Amino acid sequence: MIHRDLAAEPVPHITADGYSRRDSAAFEARLRLIEELERADAVLIGAPMYNYAIPSTLKAWLDNVILLGRTSGESPSCKGKPVTVVASRGGSYEPGTPREGFEFVRNYLEAVLVGSLGMDVGFIVPELTMAPRNPAMAALIPLVEASRERAFEEAVVKAKML
């Protein structure tokens with residue numbers, strides 16, 4: 001099993017050298033991340049929503065592993081690889097909620113993981129995680145508890161499938 005904690009050990013943000021100079025140390029580091037991804041049988045990504053977006057550490061990892069002609073393009077090397085994203089958020093951004101239009105995490109990750117990398121993505125989305133800490137959201141605590149329980153159930157089902 002490979003475990004990569006992007007918070008504890010962030011990968012460098014991509015640079016011009018890492019993007020285009022195939023003889024650079026930055027490009028070699030990208031290749032190591034790509035090979036790690038290609039070797040994985042399945043991928044689990046924790047993607048908390050920070051200010052309506054994914055953490056910059058996750059964005060840096062994605063920028064490094066997306067390589068046109070290898071992991072992206074006509075025949076992506078990770079095509080069909082299962083990836084589960086646990087996308088937690090303090091509020092709710094589901095269809096029909098007041099903040100529906102601010103859902104940039106799931107939409108972005110689905111576009112990148114499916115559209116660019118060709119992976120088979122599934123989402124587990126615990127919501128309203130700020131309710132126990134924010135007095136203005138106190139009435140939503142039963143909903144956060146239900147969301148957490150549903151997320152645990154979905155995680156158990158997904159783990160059994162993999």
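Guide: The account below begins with the overall fold and then turns to the salt bridges.

This is a predicted model, in which local features need pLDDT of at least 70 and side-chain atom pairs count only at pLDDT 80 or more, whereas totals for chains, interfaces and linings use all residues. Residues are numbered from 1 along each chain as its sequence is written, and side-chain values use heavy atoms, with hydrogens and water left out.

The protein contains five helices and three strands, in the order α-α-β-α-β-α-β-α along the sequence. Helices (H or I, at least four residues) and strands (E, at least two) are DSSP runs, numbered from the N terminus.

The structure holds four salt bridges, a salt bridge being a side-chain nitrogen of Lys or Arg within 4 Å of a carboxyl oxygen of Asp or Glu. Side chains of opposite charge can pair when their charged atoms come close.

One of the salt bridges joins Glu38 to Arg70, with the closest N and O atoms 2.7 Å apart. This pair links distant parts of the chain: Glu38 belongs to helix H2 (residues 25-39), while Arg70 sits in the loop between helix H3 (56-65) and strand S2 (82-86), 32 residues apart. Glu38 counts as partly exposed at 23% relative accessibility, and Arg70 counts as partly exposed at 26%. Here buried means under 20% relative accessible area, exposed over 50%, and partly exposed in between (1.4 Å probe, protein chains only).

Another salt bridge is formed by the side chains of Lys59 and Asp63, at 2.8 Å from N to O. Because these two residues are four residues apart in helix H3, about one helical turn separates Lys59 and Asp63. Lys59 is partly exposed, with a relative accessible area of 32%, and Asp63 is partly exposed at 22%.

A further salt bridge connects Arg89 with Glu103, whose closest N and O atoms are 2.6 Å apart. Arg89 and Glu103 both lie in the loop between S2 and helix H4 (105-116), so the pair ties together parts that are 14 residues apart in sequence. Both Arg89 and Glu103 are buried.

The protein has 18 positive and 21 negative side chains, where Lys and Arg count as positive and Asp and Glu as negative, and His and the chain ends are not counted.

Terms used:
Charge placed at Lys NZ, Arg CZ, Asp CG, Glu CD.
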